[in-house]
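User: I would like to learn how to read the features of a protein model, one at a time. Could you give me the general idea for each feature and then the case in this structure?

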Amino acid sequence: AEMTVLYPDTERLQVGDISNEKGGKAGGHDSHTNGLDTDLAYYRMDRSEIEPNHTLGYFLNGKRINYVAGGVISPDFDIERNFKFIQMLYSSQILSRIFVDALIKKTFCEYTKQMGIFDESVEILRKLRPW
């Protein structure tokens, strides 16, 4: 709800695979075994939503979405909104870590420096673990 207050035209937060309540194997994942893991889709610049019911990755218009390819972040990756959401997740104090691509973490570090909020964001950035 906070995201729609800040960004009224934002797409819905999309939730992907979720761990089984008591843990155990979850299809297509080596992780997701502790009952705590959840996949969330990134916010996109074009505000489009991914297709539901895909078990192996995120798809849009029948094509797999890759936010990082060839050492470059996709122009569809909305850095501002995704970092704002991560700030909100961090402020909830219920997360121990957030797994992201190493280049996405680097991009968030650079973004916070550009915005002049790096020092106040260090603890948030520490929660981001390259995966």
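Analyst: Let us begin with accessibility: a residue is called buried under 20% relative accessible area, exposed over 50%, and partly exposed in between, with a 1.4 Å probe and protein chains only. Asp-76, with a relative accessible area of 27%, is therefore partly exposed. This is a predicted model, in which local features need pLDDT of at least 70 and side-chain atom pairs count only at pLDDT 80 or more, while totals for chains, interfaces and linings use all residues. Residues are numbered from 1 along each chain as its sequence is written, and side-chain values use heavy atoms, with hydrogens and water left out.

User: Which residue forms a salt bridge with Asp-76?

Analyst: The general idea is that side chains of opposite charge can pair when their charged atoms come close. The criterion for a salt bridge is a side-chain nitrogen of Lys or Arg within 4 Å of a carboxyl oxygen of Asp or Glu. Asp-76 pairs in this way with Arg-44, and their closest N and O atoms are 3.2 Å apart. The two lie in distant parts of the chain, 32 residues apart, with Asp-76 in the loop between strand 6 (72–73) and helix 2, and Arg-44 in the loop between strand 2 and strand 3. Helices (H or I, at least four residues) and strands (E, at least two) are DSSP runs, numbered from the N terminus. Arg-44 has 4% relative accessibility, so this residue counts as buried.

User: How many salt bridges does a search of the whole structure find?

Analyst: The search finds eight. One of them joins Arg-12 to Glu-49, with the closest N and O atoms 2.4 Å apart. This pair also links distant parts of the chain, 37 residues apart: Arg-12 is in the loop between helix 1 (2–6) and strand 1 (15–18), and Glu-49 in the loop between strand 2 (38–40) and strand 3 (59–60). Arg-12 is exposed because its relative accessible area is 60%, whereas Glu-49, at 25%, counts as partly exposed.

User: Are Arg-81 and Asp-78 buried or exposed?

Analyst: Both are buried, and they form a salt bridge in which the closest N and O atoms are 2.7 Å apart. Through salt bridges that share partners, Arg-81 and Asp-78 belong to one network with Asp-9, Glu-11 and Arg-47.

User: How should I read the largest nonpolar core, and which of its residues touch the most other members?

Analyst: A nonpolar core is a set of buried Ala, Val, Leu, Ile, Met, Phe, Trp, Tyr and Cys residues joined through side-chain atoms within 4.5 Å. The largest one here has 18 residues, and those touching the most other members are Phe-77, Phe-83, Ile-86, Ile-104, Phe-108, Leu-125 and Leu-128. At least two residues each come from helix 2 (79–91), strand 7 (98–100), helix 3 (102–114) and helix 4 (118–127), and helix 3 gives the most, with four. Another core, of five residues, lies apart from this one and includes Met-3, Tyr-7, Phe-85 and Met-88.

User: Which residues does Val-68 touch, leaving aside those up to four places away in sequence?

Analyst: A contact means heavy atoms within 4.5 Å. By that criterion, Val-68 touches Ile-73, Asp-101, Leu-103 and Ile-104, once residues up to four places away in sequence are set aside. Val-68 is placed in strand 5 (residues 68–69) and, at 25% relative accessibility, counts as partly exposed. Its C-alpha atom is separated by 9.5 Å from that of Ala-102, 34 residues apart along the chain.
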